[in-house]
Amino acid sequence: MKKNLFFLAAIGAIALTSCTNDEFIGENGPNEPQIKEGAINFGFNVPNTTRANVTGAAAADLLGNKFVVLGVKGDGTGIDQTTVFSNYVVEWAEGTAKTTESNTADWEYVGVSPIADLTGVASQTIKFWDYNTTAYDFAAFSAGKGNSIITSGDPGSNQILATPIVYAKTSPATIASYTLKGARADLAECYITDMKTVAQAAYGNEVQLQFRSLASKARMAIYETVPGYSVQNVRFYTTDAASDADIDTDLSDAAFANATLFGADAFYTGGLYTISFPTIGSTNSSNSDYNKAHVVISGESATGTQSFGTLNYTASKLGTSSNAATFAGAEAPYYQTILPNENGVVLEMRVNYDLVSDDGSNETITVHGAKAFVPATYTKWLPNYAYTYIFKISDNTNGWTSTDKSDPAGLYPITFDAVVLDPIVATNEQTTITTVAMPSITTYQKDHAASNNEYVAGEIYVQVMNGSTLATDLHTKSSLYSLSEAASEAEVMDALNLQASEAGGAAYITGRNGLKLTSVALTYNEADPTDKLYIPGEDGNNIIVDKGKAAKFTATADTYYAYVYQVADAADDNVIYPVVLTAEPDDWSTTDNVYYTDAACTSHADTAYADGTYYRKYTNLNKTLGVKVIKVMP
């Protein structure tokens, strides 16, 4: 057979991406002209990226010198695909590149022994591109360094129980998937890929499979901002805060020195992972989830505790800023390997610590039973991602300075400062604007800078202080209006109290001063007033607000709004205000019965407008209101 009757595919060697929250490497082929002859072989050519990718022999070592690949071909829709690589085993042999047509970069599959019950074929043969097809799909996994693959029974140490990668998409409802089962240490050695689609235009190029770790990583750090004191001798207690043992914990016990996070069944020690590709096929190519691998565990064994090691103090003290936080662990960058958990659970940190005066007097205050919680939103661990949890101890921390828990806690909650993918420091500014009034109204918008005058389109949050007390009845006493024009708080208050009796009903209000207020929807919580409302923090840490304590709305650009909190009501007192018209008003209507011909407002103007004196009736509601005008920039 002549060589030009073959077709070439190069299934990419391996890019092992570092733990990151960046997008994976692009799927462009190499720059050399398309090759339309030759055998399928394994090679690798990756565009320059900023990530620490591992290639060649180093990549092969991490993969245990082999991986399993499924390859299918078809019309690109992902339905009724024909299998080309039926879970073939691909092996690394350094220095063998270009010794066979199926090997150009030291990776070989022809003649390699298949894994029984994974492939369904007796031997692995050479494969060629089929130009009568529109696209190929590829997916692969590796059991990693030191592990072997088994296909039945329960996996032991250094074993991964695997099922074949199945591409059985016969309709949009069916997805491709496979499973990996093992203990935590062994699963952490595994690598997986997303689905890789190769269109016909790229036939003959290397198929670049980017492997990523099945495991996740996490680390934790603490810093303090307590004025006049340094935080030292931090100890992590293990007994729940409801126990008296929290107060009596022996701070000299070395067992309490390990930084620890708690979460109900948060840290998997093993289980069965299903890796699936729910969004495949050309009709989904514009979807952000296109070809992405999803990892879900079942039949898991888990623990509620994760130790991160001892804190790395500077001169026996905690760091004093988020970018100089004190990390726990033996060696930088201090990550601990954890298994993915797409569900997420609330994590808890529990600490006792000493406050040592900075004035040289060495005055010491011991704080017992302090704790902080990380919302489940930020504990949904994904494969090959790194998570950093930073906690801040401030003068608002909780805990007791007495060993008698019947005494009041002398401090306030530890503030959860930041959760980031990758160790970065948030630099966003969180700005609030509070009215100097009674009641005072505070508004907040994520990423709002003090230089803004005042807000931009998007979600805006509101809270109200009645003196020194946070109002808890916003869901029953709040209203929001868009304004027909710029107005002051006093002008809004006047329009709300002295409003046209017949105008608008619930839809809008027309004030005596001509200001028109159109009702706008407010949200007080996620579902109903019994639920909490989640305010997005600048660092990604949601601010959780209880029933009735906050409201939010979605602001439109170039609009003035008025948030109104009704402090008190009064009996209606109808007051008639004559209006002398010198021109026909925009809202003139004889059917709406808005204008009257007599000062007592008993005779409606029921004919066409004519020069003269007309009257309009306004109602003085005599309400006590708190008002804040919110300007949204164009």
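Predicted model: local features only at pLDDT ≥ 70, side-chain atom pairs only at ≥ 80, totals over all residues.

Thr179 touches Leu161, Ala162, Thr163, Leu272, Tyr273 and Thr274, leaving aside residues up to four places away in sequence. Thr179 belongs to strand E9, which covers residues 176–183. Its relative accessibility is 15%, so Thr179 counts as buried, the limit being under 20%.

**Overall architecture**

- The protein contains five helices and 38 strands.
- Of the 634 residues in the protein, 48% are buried.
- Among contacts with a separation of 6 or more, 71% are between residues 24 or more positions apart.

- Ser321 is located in the loop between strand E16 (294–310) and strand E17 (326–327).
- The relative accessible area of Ser321 is 24%, so this residue is classed as partly exposed.

**Aromatic pairs and a charge over a ring**

- The whole structure contains 17 aromatic pairs.
- One of these is the tilted pair of Phe85 and Phe138, with 6.3 Å from centre to centre and 55° between the planes.
- Phe85 lies in strand E4 (residues 82–92) and Phe138 in strand E6 (residues 135–142), so this pair ties together parts of the chain that are 53 residues apart in sequence.
- Both Phe85 and Phe138 are buried.
- The rings of Tyr136 and Tyr203 have centres 5.2 Å apart and planes at 85°; this pair is edge-to-face because its angle is over 60 degrees.
- Tyr136 is in strand E6, whereas Tyr203 is in the loop between strand E11 (196–199) and strand E12 (206–213), and the pair thus links parts of the chain 67 residues apart.
- Tyr136 has a relative accessibility of 1% and counts as buried.
- Tyr203 has a relative accessibility of 0% and likewise counts as buried.
- Phe85, Tyr88, Tyr109, Trp129, Tyr131, Tyr136, Phe138 and Tyr203 are linked into a cluster by ring pairs.
- Elsewhere, Arg350 lies over the face of Phe262, at 4.1 Å from the ring centre.

- How many cavities of 30 Å³ or more does the structure hold? There is one.
- The volume of the largest cavity is about 40 Å³.
- Its lining is formed by Gly76, Thr77, Gly78, Gln81, Ala135, Asp137, Tyr167, Thr197, Gly281, Ser282 and Tyr290.
- By class, the lining of the largest cavity comprises three nonpolar residues, seven polar residues and one charged residue.

**Backbone features**

- The peptide bond from Ala332 to Pro333 is cis, and its omega is near 5°.
- Pro333 lies in the loop between E17 and strand E18 (336–338).
- Asp117 has a positive phi, near 75°, and is a residue other than glycine.
- The position of Asp117 is in the loop between strand E5 (107–108) and E6.
- With a relative accessibility of 61%, Asp117 counts as exposed, since the limit for that class is over 50%.
- Asn362, also a residue other than glycine, has a positive phi near 60°.
- Asn362 sits in the loop between strand E19 (347–357) and strand E20 (364–374).
- The relative accessibility of Asn362 is 56%, so Asn362 counts as exposed.

Note on methods
Residues numbered from 1 in each chain as written. Heavy atoms only, no water. 1 Å grid on protein atoms, 1.4 Å probe; cavity = no way out; pocket = protein on both sides within 12 Å on 5 of 7 lines; lining within 4 Å. Points joined across faces, edges and corners; volume = space filled by probe spheres on them. Nonpolar A, V, L, I, M, F, W, Y, C, P; charged D, E, K, R; others polar. Phe/Tyr/Trp six-rings, centres within 6.5 Å; stacked < 30°, edge-to-face > 60°. Helix = DSSP H or I, 4+ residues; strand = E, 2+ residues; numbered from the N terminus. Buried < 20%, exposed > 50% of the residue type's maximum accessible area, 1.4 Å probe, protein only. Lys NZ or Arg CZ within 6 Å of the ring centre and 35° of its normal. Contact = heavy atoms within 4.5 Å.
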